[in-house]
Amino acid sequence: MMVSWRLLVSLIVLAAAAPVAALPEPDEEQLANNRRLFEKWRADPEHYARLKHDWRAFRSLPSEKQARIRRLDYDLHQEPPETQARLWRALERYAAWLERLPPDDLRRVQAADDPDERLRVIQEIREREWLARLPRAVRERIQNVPPAQRAAEIRKEREREQKRRQEWQRALRRPLPIRLTDFPPEVQAFVKDSLYPLLSDEEKQRLKNAEGRWLYGATLAELADRHPIVLPPSPTIGPVRYQDLPPQIQRRFLKVLDRARLRDVEGKWPDFALYIAEVARSRNLPLPPLGPCRPREFTPAVQQFLDRELLPKLDEKEKQRLKAAEGRWPDYPQLLLELARTHGLKVPGMALPGPREFWDNLRSELPVGPDLAPRDFAQDRSGRQSLTSE
């Protein structure tokens, strides 16, 4: 047997209704190979102890279940190596899934002796889990569809999800992106609507200089890390430095600002404006809005989100609160985020889209060190890197 106790649970369930047939006796070559494996495993005390534990657990099973598991294990090992690897990966995922199941669901799976019935139960549980992972607005839309049409709606949503996954898989497989158009559409929208307005002129030039070169994606990821989105995105931003404030505001705040705190937040949006608003509130000083605080002042994606997703979920009291906050900054954007979280919704443009491993791979491509400046890093589309000193 070449299975661990963790897989044993899933093998028991999988083999519960499998036919039991006599296994062929191993030949001399197989026995010799098994002896070599056994000696190899004995040389690793930790692995050997785990094997002995698994063997005792296996031997504690009824003989009929042992026979079914042996048969399934034997059949798996008759497959070609590529098929074996795929099936064992699926079995590992299945074992991990079984371990996480609530007790009631696990009992339902184990109680289904007929393979077709077991498959139906597993599909039902998996569909319920899939629905629970969807954004609340999408989940409720599917649940509100008449039962006769729900299967078709689920199929459409799965197709949309699969299309998004395929786009990212293509992005993961292709050579390193060297310009914005190499990224999926949602990344392009995030950069244009959310990130770009936050960049300084120097950072914008740095990103432009990286176009056509292998470090473009790494530079983009680093700039996104440097500028987390904390308020709903807008095409324009407010002041980020003391001199950006109107002259009358500068005079009014000249003696009440903490110079050390000011140095920490200058050049950052919305950190600088939030600090000014905090001081104004604590000192009861009048202050005009320092950022977007009306629906039309946010990106088109946020405006659509408000109209189509958030507002239909709000009760009358919440709608009145949001309406009363219009024209007040940062009250309005902060309340917008609070209401979205309350109703399980995500405001678009608040985070870098895509799988974490995609961006981690790009970040790892960015060289660091004091000698970075005098060097020119380049990479062609085939993925080859070259390093040339200036």
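Which residue just after α15 takes a positive phi? Asn284 does, at about 60°. The model is predicted, so that local features require pLDDT of at least 70 and side-chain atom pairs count only at pLDDT 80 or more, while totals for chains, interfaces and linings use all residues. Residues are numbered from 1 along each chain as its sequence is written, and side-chain values use heavy atoms, with hydrogens and water left out.

Asn284 is a residue other than glycine and is placed in the loop between α15 and α16; helices (H or I, at least four residues) are DSSP runs numbered from the N terminus. With a relative accessibility of 70%, Asn284 counts as exposed. Here buried means under 20% relative accessible area, exposed over 50%, and partly exposed in between, with a 1.4 Å probe and protein chains only. Helix α15 itself covers residues 271-283 and has 13 residues. Its span from first to last C-alpha is 18 Å, close to the 18 Å expected at 1.5 Å a residue, where the expectation is 1.5 Å times one less than the number of residues. Phe272, Ala273, Tyr275, Ile276, Ala277, Val279 and Ala280 are buried in α15, and their cover includes α13 (247-253) and α14 (259-265), on the basis of contacts (heavy atoms within 4.5 Å).

The loop between α14 and α15 holds Pro270, which is joined to Trp269 by a cis peptide bond with omega of about 0°. A cis peptide bond also runs from Trp329 to Pro330, with omega near 5°; Pro330 is in the loop between α17 (316-325) and α18.

The largest pocket contains about 1,800 Å³ of space. A pocket is an open set of points on a 1 Å grid over the protein atoms alone, where a 1.4 Å probe fits, with protein on both sides within 12 Å along at least five of seven lines; lining residues have an atom within 4 Å of a point. Grid points are joined across faces, edges and corners, and the volume is the space filled by probe spheres set on the points. The lining comprises 48 residues, of which Pro135, Arg164, Lys346, Pro348 and Pro353 lie nearest the centre of the pocket. Elements that give two or more residues to this lining include α7 (115-133), α8 (136-143) and α9 (147-173). The largest share, eight residues, comes from α9. By class, the lining has 23 nonpolar, eight polar and 17 charged residues; Asp, Glu, Lys and Arg count as charged, Ala, Val, Leu, Ile, Met, Phe, Trp, Tyr, Cys and Pro as nonpolar, and the others, Gly among them, as polar.

The whole structure has 21 salt bridges, each defined as a side-chain nitrogen of Lys or Arg within 4 Å of a carboxyl oxygen of Asp or Glu. In one of these, Glu153 pairs with Arg141, with the closest N and O atoms 3.2 Å apart. This pair links distant parts of the chain, Glu153 being in helix α9 and Arg141 in helix α8, twelve residues apart. Glu153 is buried at 15% relative accessibility, whereas Arg141 is partly exposed at 35%.

Arg120 and Glu117 form a salt bridge with closest N and O atoms 2.8 Å apart; both lie in helix α7, three residues apart. The corresponding distance for Arg226 and Glu222 is 3.0 Å, and these residues are separated by about one helical turn because they are four residues apart in helix α12 (residues 216-226). Salt bridges that share partners join Arg108, Glu117, Arg120 and Glu124 into one network.
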